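Dear colleague,

Please find below the structure that I am handing over to you. My notes on it follow directly after.

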Amino acid sequence: MKNVIDFVIILGYWPPAGGFGLNANLLETNLINSGVVLGLPVYSGKGVLSNLLNNRKQTILSTIRDAEERYEEATDKLKQARTRLQQAKIKADEIRINGLSRMEGEKQDLVDSADGNSKRLEDSKNATIRFEEQRAIEQVRQQVSRLALERALEVLNIRLNSELQSRMIDYHIDLLVRAAENTTD
C-alpha cells in the first residue's frame, strides 16, 4: 500500500514540461490510470476482499465438514443396513429351512397317515371278505342242512311205515327206561 501512495506522490512532484498540462501519450497515461484505478480498489478493498474470502473459506470448510459428517453418518447407516440385511438373510434362511423341515415332517406324517389308513382299509376289507365268506358258508350249510333234512324226511316218510314206527317208539322208550334206572342206582 505504501508503494501505491509513494507512486501517487512521485507523480504529484513530477512536474510535466511547461507546468500542468495534458499528457498526450495514450500508452503512458493508460498505464498510469490503470495502475491508479486498479491499485486504489485493491488497497482499499484488500480488507473487505480478505474478509469476504475468509468468510467464503469458512463457509466452504463448514460445508465440507458438514458433508463429511453426513458422509460418516450415511456410511454408518449403510453399515447398519448391511448388518440388518445380513441378519434378515440369515433369518430368511432359517425360516426357509424350518419351513422345508416342517414340510418334510408334514409330508412324512401324511405318508404315514395314508399308509395307516391304507392298512386299516386293507384290514377292514379283509375282515369284510372273511365275514362275507363265513356268512356265505353258513348260508350254504343251512341250505345243505335243510336240504338234507328234507331228503331225510322224504326218505323216512317213504320207508317209515306204521310197524317200523312202533318198533322205533318201543326202542326209544326202552332206552329211556334204562337211562332212568341207571340214574337211580
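At 41% relative accessibility, Arg-135 counts as partly exposed (buried means under 20% relative accessible area, exposed over 50%, and partly exposed in between, with a 1.4 Å probe and protein chains only). Its salt-bridge partner is Glu-132, with 3.4 Å from N to O; a salt bridge here is a side-chain nitrogen of Lys or Arg within 4 Å of a carboxyl oxygen of Asp or Glu. Glu-132 is likewise partly exposed, at 34% relative accessibility. Both residues belong to helix H2 and sit three residues apart, about one turn of the helix. Helices (H or I, at least four residues) are DSSP runs, numbered from the N terminus.

Please note that this is a predicted model, in which local features need pLDDT of at least 70 and side-chain atom pairs count only at pLDDT 80 or more, while totals for chains, interfaces and linings use all residues. Residues are numbered from 1 along each chain as its sequence is written, and side-chain values use heavy atoms, with hydrogens and water left out.

Regarding confidence, the average pLDDT of the protein is 82, and 83% of the residues score at least 70; pLDDT is the predictor's confidence in each residue, from 0 to 100. Over residues 12-16 pLDDT stays under 50, and the model has one contact beyond four places in sequence for them (contact means heavy atoms within 4.5 Å).

The structure holds six salt bridges in total. Another of them joins the side chains of Arg-146 and Glu-150, at 3.7 Å from N to O. These two residues are four apart in helix H2, about one turn of the helix. Arg-146 is partly exposed at 45% relative accessibility, and Glu-150 is partly exposed at 37%.

In helix H3 (residues 162-184), Arg-178 and Asp-174 are separated by about one helical turn because they are four residues apart. The closest N and O atoms of their salt bridge are 2.4 Å apart. Arg-178 is partly exposed, with a relative accessible area of 44%, and Asp-174 is partly exposed at 33%.

Finally, Val-48, Leu-49, Leu-52 and Leu-53 form a nonpolar surface patch with about 400 Å² of accessible area together. Patches are made of residues with over 30% relative accessible area and no salt bridge, nonpolar side chains (Val, Leu, Ile, Met, Phe, Trp, Tyr) being joined within 5 Å and like charges within 9 Å. Accessible areas come from the Shrake-Rupley method with a 1.4 Å probe; for residues, only the protein chains shown count as cover. Val-48 is placed in helix H2.

With kind regards
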